[in-house]
Amino acid sequence: MVVKGINIIHEEMLKILKLIHEICEKEGLQYFIDGGSNIGAIRHKGFIPWDDDIDISMLKADYLKLIEILRKDDRFVFYFDDFTHHCCCFVFLKSTWWQASTNKFFPHLYPIKLDIRPLNVIKNTEDEIKKNLLYRKTAEYLIFNKYDSSDFDSIKAIIEDFGGSDKFLNFYNCEYGLENFDEDVKLSHPYLSYSKKTVMDKDLFFPLKKIMFENIESYIPEDDKNLRLLYGNYMELPPVEERNSYSCALYQVKEDKVSKIINLYKARINNRLSLFGKISYRMSMFLYSKLYK
C-alpha cells in the first residue's frame with residue numbers, strides 16, 4: 001500500500017537533499033544516491049513512487065566532514081547527537097509533517113529524514129581485510145547486539161584490547177576507514193546490517209556521474225554494476241502487491257508543538273524518558289498531531 005500523502009513526504013525529503021547537495025558542492029564533498037533511491041534515480045528520474053525513504057552514501061572522510069558542518073547548522077536535527085555509538089547519520093528538518101509506523105489511536109510518529117551512510121576505506125591486504133571483518137562483527141555486536149557465538153571470544157578480545165566498548169566504537173566510527181582513496185584500497189560498509197559483503201571494489205561506486213533526481217541535480221555511481229549485483233533486473237517493476245511504503249500514515253503536528261515533539265522523540269529513541277516521560281510522549285503525539293486524509 002502506498003501511504004496517503006506520499007507526495008508531501010517526497011517534497012520534505014527533497015528539501016533535505018537539496019540542502020545537503022548545496023553544502024557538499026560548496027565544501028567539495030562527494031556523495032551519491034544509494035540503495036533503492038539509486039534505482040528510483042535511474043528508473044523513475046527521482047523517487048520510486050511508493051518509496052518513503054532516501055539514502056545517500058559517502059566515503060568516511062567526507063562523511064565525517066559533513067557531520068561536523070551539519071552539527072553547526074541549526075536547520076538540521078539529528079536522531080542521535082552521539083555519533084560514537086551509532087551506525088550512520090539520520091538527519092531531518094524542523095517540519096510539521098511526520099510519518100507514522102502505526103496508525104492506531106496513539107500513533108507512533110517519526111520524522112521525515114534522510115539517511116547518510118559512510119563507506120570505510122581500507123588497505124587492500126589480506127590482513128587488513130580480515131581485521132576489517134572482525135571490527136565489523138565487534139561493532140555489530142555493540143550496536144545491534146548481533147553476533148555469531150563462534151565469534152564471541154574474538155569480539156571480547158577486541159573490546160579488551162581497546163580498553164572498553166566506548167573506546168573501540170570511538171575509534172571505529174570516528175577514526176577508522178580513512179585510508180587514501182587513490183591508493184590500493186577496498187571499500188566496506190561499517191555494519192553487516194547494511195551489507196553482507198566483507199569488502200567491495202571502489203569501481204562499484206566510483207567515479208560518479210550527475211543525474212536529475214526529481215528537480216535536483218545529484219549524483220549516482222557511473223556504472224550500475226552494484227545495482228545489478230544486488231537487484232538483478234532493477235528496471236523491471238516489482239509485482240503490485242510488493243509496492244508498499246514503509247510508513248502507514250502521514251500526520252501533521254501543530255506548528256507551535258514541533259520543538260516539543262522533536263525533544264520528546266529524541267529522548268525516547270535515546271532511552272532518556274522516565275515512565276512519566278513515556279506517557280507524556282504518547283499523549284503529545286495524540287494531542288498535537290492530525291492524520292492526513
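Modeller: Two strands count as paired if DSSP finds at least two bridges between them. The model here is a predicted one. In it, Lys123 has Val185 of strand 8 as its bridge partner.

Colleague: How do you know that strand 7 and strand 8 pair?

Modeller: The requirement is at least two bridges. Strand 7 and strand 8 (residues 185-188) have 4, in the antiparallel sense, so the pair meets the definition.

Colleague: Which way do strand 2 and strand 7 run, parallel or antiparallel?

Modeller: Strand 2 (residues 55-59) and strand 7 run parallel, joined by 5 bridges. Within strand 7, Arg117 is the bridge partner of Ser57. Strand 4 (residues 89-93) pairs with strand 7 in the antiparallel sense, over 4 bridges, and there Cys89 stands opposite Ile116.

Colleague: What makes strand 7 "mostly covered"?

Modeller: A residue is buried if its relative accessible area is under 20%. In strand 7 (residues 113-123), 10 of the 11 residues are buried.

Colleague: Why is His44 called partly exposed?

Modeller: Buried requires under 20% and exposed requires over 50%. His44 has 25% relative accessibility, so it counts as partly exposed. The residue sits in the loop between helix 2 (35-43) and strand 2.

Colleague: What does His44 touch, leaving aside its neighbours within four places in sequence?

Modeller: Contact means heavy atoms within 4.5 Å. By that rule His44 is in contact with Ile39, Pro49 and Leu237.

Colleague: What makes the buried residues of helix 5 line one face?

Modeller: Helix 5 (residues 152-161) has Ile155, Ile158 and Ile159 as its buried residues. Seen down the axis of helix 5, they fall within an arc of 95 degrees, so they line one face. In general, an α-helix has 3.6 residues a turn, so residues three or four places apart point the same way. On the face of helix 5 turned away from the buried side are the exposed residues Asp153, Glu160 and Asp161. Among the elements covering the buried residues are helix 4 (126-144) and helix 6 (165-174). Just after helix 5, Gly163 has a positive phi of about 85 degrees.

Colleague: How do helix 4 and helix 5 cross, and at what angle?

Modeller: Their axes come within 9 Å and cross at roughly 90 degrees. That makes helix 4 roughly perpendicular to helix 5, because 65 to 115 degrees is the range for that term. The residues that meet include Tyr141 and Leu142 from helix 4, and Phe152 and Ile155 from helix 5. By class, this contact has 8 nonpolar, 2 polar and 2 charged residues.

Colleague: Why are strand 6 and strand 12 said to stand at the edges?

Modeller: The open sheet has 4 strands in the order 6-5-11-12, with antiparallel pairing. Strand 6 (108-111) and strand 12 (289-291) each have a single partner strand, so one side of each is left without a neighbour in the sheet. From one strand to the next, the twist averages 40 degrees. Helix 9 (residues 275-287) packs on the sheet, touching strand 6 and strand 12, and its direction makes about 55 degrees with that of strand 12.

Colleague: How do you know that strand 5 and strand 11 pair?

Modeller: Strand 5 (residues 97-102) and strand 11 (residues 249-253) share 4 bridges in the antiparallel sense, and at least two are needed, so they pair. In strand 11, Tyr251 is the bridge partner of Trp98.

Note on methods. Residues numbered from 1 in each chain as written. Predicted model: local features only at pLDDT ≥ 70, side-chain atom pairs only at ≥ 80, totals over all residues. Heavy atoms only, no water. Helix = DSSP H or I, 4+ residues; strand = E, 2+ residues; numbered from the N terminus. Axes fitted to C-alpha atoms, helices over the stretch in contact; angles between N-to-C directions. Buried < 20%, exposed > 50% of the residue type's maximum accessible area, 1.4 Å probe, protein only. Arc of directions from axis to C-beta. Parallel < 35°, antiparallel > 145°, perpendicular 65-115°, else oblique. Nonpolar A, V, L, I, M, F, W, Y, C, P; charged D, E, K, R; others polar.
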